[in-house]
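Notebook open, viewer open. I want to go through this one element by element and jot down what I look up.

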Amino acid sequence: MNDGLTDLYQEVILDHSRNPRNFGPAEEADRTARGNNPLCGDRVTVFLNLDGDEISDAQFDARGCAISLASASMMTEMIKGKSVAEAKALFEKFHALVTGKNGVGASPDLAELETLSGVKNFPTRIKCATLAWHAMVAALDGADEDVKTE
């Protein structure tokens, strides 16, 4: 990757971590799930509102590293207006992107999320990038237990 693109990717991640979108608790959420990464201490709670099968609102509350916050921020922006099935499919594509599996590369579906693709070179950072996503799937599934990255 050229230096200009690397700088742009870093700027997008820093912007989302410093100014996270959809940040803060949502007391009126239909679905909620918590995630915990015991390796680094990242914690996230995902709040979802559903209108039938569509995610009408998504928020998160978190304490964590820049990667974790940026990923949660981007995720909440991308899943609003998606059906449950579309949000889960987006999780699968994102997970494949950041783990380097299935040869997933550039995809219009992933948009800004591709800025996080570099974590595939740092296995412990993959857990930071996917924590909110695992919590989102748990919320959609109505899971009661905390999601862990181990």
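Predicted model: local features only at pLDDT ≥ 70, side-chain atom pairs only at ≥ 80, totals over all residues.

I started with the strand 2 and strand 3 pairing: the two run antiparallel and are joined by nine bridges. I count strands as DSSP E runs of at least two residues and helices as H or I runs of at least four, numbered from the N terminus. Two strands pair for me if DSSP finds at least two bridges between them. I looked across from Phe47 and found Gln59 of strand 3 opposite. Strand 2 and strand 3 make a hairpin with two residues between them, and Gly52 in that turn has a positive phi of about 70°.

Residues are numbered from 1 along each chain as its sequence is written, and side-chain values use heavy atoms, with hydrogens and water left out.

In what order do the four strands of the open sheet lie? I read 3-2-1-4, with mixed pairing. Strand 3 and strand 4 (147-148) are the edge strands, each pairing on one side only. Strand 4 pairs with strand 1 in the parallel sense over two bridges. There I found Lys148 in strand 4 as the bridge partner of Asn36.

**Whole chain**

From the N terminus on, I wrote down the order α-β-β-β-α-α-α-β. Of the 150 residues, 46% count as buried, which for me is under 20% relative accessible area, with exposed over 50% and partly exposed in between (1.4 Å probe, protein chains only). I then checked contacts (heavy atoms within 4.5 Å). Among those between residues at least 6 apart in sequence, 57% join residues at least 24 apart.

**Core**

Which residues have the most contacts inside the largest nonpolar core? They are Leu48, Ile79 and Met136, in a core of 44 residues. By nonpolar core I mean a set of buried Ala, Val, Leu, Ile, Met, Phe, Trp, Tyr and Cys residues joined through side-chain atoms within 4.5 Å. Helix 1, strand 2 (42-51), strand 3, helix 2 (66-79), helix 3 (84-99) and helix 4 (123-141) each supply at least two residues of this core. Helix 4 gives the largest share, 12 residues. I clicked on Met136 and listed what it touches, leaving out residues up to four places away in sequence: Val46, Leu48, Met75, Ile79, Ala87 and Phe91.

**Helix 2**

I took the span next: 14 residues reach 20 Å from first C-alpha to last, close to the 20 Å expected at 1.5 Å a residue. The expected span is 1.5 Å times one less than the number of residues. Helix 2 is mostly covered, with 12 of its 14 residues buried. The buried ones include Ser68, Ser71, Ser73 and Thr76, besides Met74, Met75 and Ile79.

I stopped at Ser71, which lies in helix 2. Is Ser71 buried or exposed? At 0% relative accessibility, Ser71 is buried. Not counting residues up to four places away in sequence, Ser71 touches Phe94, Leu116, Ala129 and Trp133. After helix 2 comes Gly81, with a positive phi near 85°.

**Helix 3**

Helix 3 has 16 residues and reaches 23 Å between its end C-alphas, close to the 22 Å expected. I marked Val84, Ala87, Leu90, Phe91, Phe94, Ala96, Leu97 and Val98 as buried. Their cover includes strand 2, strand 3, helix 2 and helix 4. Gly100 follows helix 3, and its phi is positive, near 75°.

**Aromatic pairs**

The structure holds two. I call rings of Phe, Tyr and Trp (its six-membered ring) a pair if their centres lie within 6.5 Å; planes under 30 degrees apart are stacked, over 60 edge-to-face and the rest tilted. Why is the Phe23 and Phe60 pair edge-to-face? The planes stand at 80°, with the centres 5.3 Å apart, so the pair falls in that class. Phe23 lies in the loop between helix 1 (3-18) and strand 1 (31-37) and Phe60 in strand 3 (residues 54-63), so the pair ties together parts 37 residues apart in sequence. Phe23 is partly exposed at 41% relative accessible area, whereas Phe60 is buried at 0%.
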